[in-house]
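Please load the model in your viewer and keep the selection tool at hand. The tour goes stop by stop, with something to select at each.

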Amino acid sequence: MPMSVRDWAVKFSDASDSDATIAAMAKYFTCKYMWDMDDAKVIVEMKDGKVYAINIDPGPMDSYDFALRASAQTWREFSRPVPKPMYHGIYSASFRKDLKIEGNHLILMQNLRNFIVQFELLRKVGVPV
Amino acid sequence: MAKHSPVIGRYVTIDVEGCEYKVFYLRNGHGIPLVCQHTAGCHNHQWRDLLEDAEITENYDVIAYDLARHGKSDPPLNKEWWKEEYKLTKDHFMKFITAFCDALELRDPIFMGSSFGGNVALQLALHHPDRFRAVIPVEAAHYAPGFFIDWWHHPHANAAQVCGSGVWDLMAPQSPDMDRWLTWHYYTQGSEVFKGDLYFYSVDHDMRGQLGDIDTARCPVIMMTGTYDYLTPPEMTEDTASQIPGGVYIEMEDIGHFPMSENYPLFRNYLKEALRLIDERT
């Protein structure tokens, strides 16, 4: 039984806001992104390196800068403590598995250093699917 | 007492197609020259642990250079290079390597390169089989499209971070944090050349239909790829090696696209096997 999206959002916010690697270069980490896990969707809003809000029930008109979309199984693979080959990052999974990166890639690129670190927090936090 | 490394750094000036390059290289060891090419957009510190590996340097003269425009090797000193877009071609790349080996008067060296250095190793085996004792293409394939993209130097993003973090998941999660972040650090230093290097890697390097012409009796080819490399995944390298008569493929478990830099203690086991196979064949 996966954790609830609400519980996940609390755990993820805590992990991100207390992460030393993000904190080291957090000043301009500001963006809004969707993680579409098939069975669950969230919109994470970052402001100046901190989680400002997590929308755990996005509506069809809710906006974001960019999105990562993949099957629930792929998100479960992302969250293993040591992911299998090709599930170990957003580019490996988009080149070789079913991950789709959509939206404004420029904003992703502007925040890439911290976003990548944040994505890997899933290995500690888990996923709600 | 100061702690000095046995590795020595020097410059040598070479001419490549009319370009004057002052090339920086690191060197340590005795015996058979082992010439090492770093990956695209990077520099010779990727080979830092090999250069200090006492067991290997006992029998091999390890030489890791910075390709022109990388690390401490400047762009051409006799040319207004800033007035042209940098795009590395296979011919210039090979001429650079052979000119460098000539300048150091290396006799029958082994050439090892990773990623675009691995791809040029394949080109050297095809075009200059009598210049090299053997080649070790690491994380290479005969054709690797898809990475010649504008994001590497887009002016609206922090190109240093895009390069460092854009190649982050080319490394295996098992590789030590310190070595992965050092590799990230090196990648933040080469963003202005990364895309131009990848012109060779993804566009000009296309050996489809040519692999059967590589003569491994004259120049053995030992290919090695890590299981976490998504750019040239193991099946791509294996496919390349299988099309080279006498080509050898070694799969490296739990390592990625920058094996010598991200996890040298693991990589050296595979490297020793590659060197043993070359010793057997030469």
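Predicted model: local features only at pLDDT ≥ 70, side-chain atom pairs only at ≥ 80, totals over all residues.

**Stop 1**

Select the strands of chain A. In what order do the 5 strands of the open sheet run? The order is 3-2-1-4-5, and the pairing is mixed. Now colour the edges. These are strand 3 (50-55) and strand 5 (100-103) of chain A, and each of them pairs on one side only. From one strand to the next, the twist averages 20°.

Two helices of chain A come next. Show helix 1, residues 5-17 of chain A. Helix 1 packs on the sheet and touches strand 1, strand 2 and strand 3 of chain A. Its direction makes about 170° with that of strand 3 of chain A. Then show helix 6, residues 112-120 of chain A. Helix 6 also packs on the sheet, touching strand 1, strand 2, strand 3 and strand 4 (66-69) of chain A. Here the angle to the direction of strand 1 of chain A is about 35°.

**Stop 2**

Keep strand 1 and strand 2 of chain A, which pair in the antiparallel sense over 6 bridges. Pick A:Asp36. Its bridge partner in strand 2 of chain A is A:Lys41.

Stay at this end and select A:Asp38. This residue sits in the loop between strand 1 (31-36) and strand 2 (41-47) of chain A. A:Asp38 is not a glycine, yet its phi is positive, at about 75°.

Move along to strand 3 of chain A. Strand 2 and strand 3 of chain A run antiparallel and are joined by 5 bridges. Pick A:Ile43 and look across: A:Asn55 in strand 3 of chain A stands opposite. The hairpin of these two strands has 2 residues between the strands. Within that hairpin, A:Asp48 takes a positive phi near 50°.

**Stop 3: A:Arg123**

Centre on A:Arg123, in helix 7 (residues 122-125) of chain A. Is this arginine buried or exposed? A:Arg123 has a relative accessible area of 16%. The cut-off for buried is under 20%, so A:Arg123 counts as buried.

Next, draw a distance from the side chain of A:Arg123 to A:His88. A polar atom of that side chain lies 2.9 Å from the backbone oxygen of A:His88.

**Stop 4: contacts of chain B with chain A**

Select B:Gln161 in helix 5 (residues 159-166) of chain B. B:Gln161 counts as buried, at 15% relative accessibility. Which residues does B:Gln161 touch, not counting residues up to four places away in sequence? They are A:Met25, A:Arg113, B:Gly166 and B:Trp184.

Step back to B:Ala157, in the loop between strand 6 (134-138) and helix 5 of chain B. B:Ala157 is buried too, with a relative accessible area of 12%. Neighbours within four places in sequence aside, B:Ala157 is in contact with A:Leu106, A:Met109, A:Gln110 and B:Val162. B:Ala157 and B:Cys19 are 138 residues apart along the chain, and their C-alpha atoms are separated by 32 Å.

**Stop 5: two helices of chain B**

Show helix 4 and helix 7 (residues 191-204) of chain B. Their axes come within 10 Å and cross at roughly 45°. The two helices are therefore oblique to each other. The crossing is left-handed.

Now select B:Ser115, in the loop between strand 5 (110-114) and helix 4 (116-127) of chain B. B:Ser115 has a positive phi of about 60° and is not a glycine. At 4% relative accessibility, B:Ser115 counts as buried.

**Stop 6: B:Glu80**

Finish at B:Glu80, in the loop between strand 4 (60-65) and helix 3 (90-103) of chain B. B:Glu80 counts as partly exposed, at 44% relative accessibility. Its side chain makes a polar contact of 2.9 Å with the side chain of B:Lys83.

Conventions: Residues numbered from 1 in each chain as written. Chains lettered and ligands numbered in written order. Heavy atoms only, no water. Helix = DSSP H or I, 4+ residues; strand = E, 2+ residues; numbered from the N terminus. Buried < 20%, exposed > 50% of the residue type's maximum accessible area, 1.4 Å probe, protein only. Pairing = 2+ DSSP bridges. Axes fitted to C-alpha atoms, helices over the stretch in contact; angles between N-to-C directions. Contact = heavy atoms within 4.5 Å. Polar contact = N/O pair within 3.5 Å; in protein donor to acceptor, adjacent residues only side chain to side chain. Parallel < 35°, antiparallel > 145°, perpendicular 65-115°, else oblique. Left-handed = near helix turned anticlockwise from the far one by under 90°.
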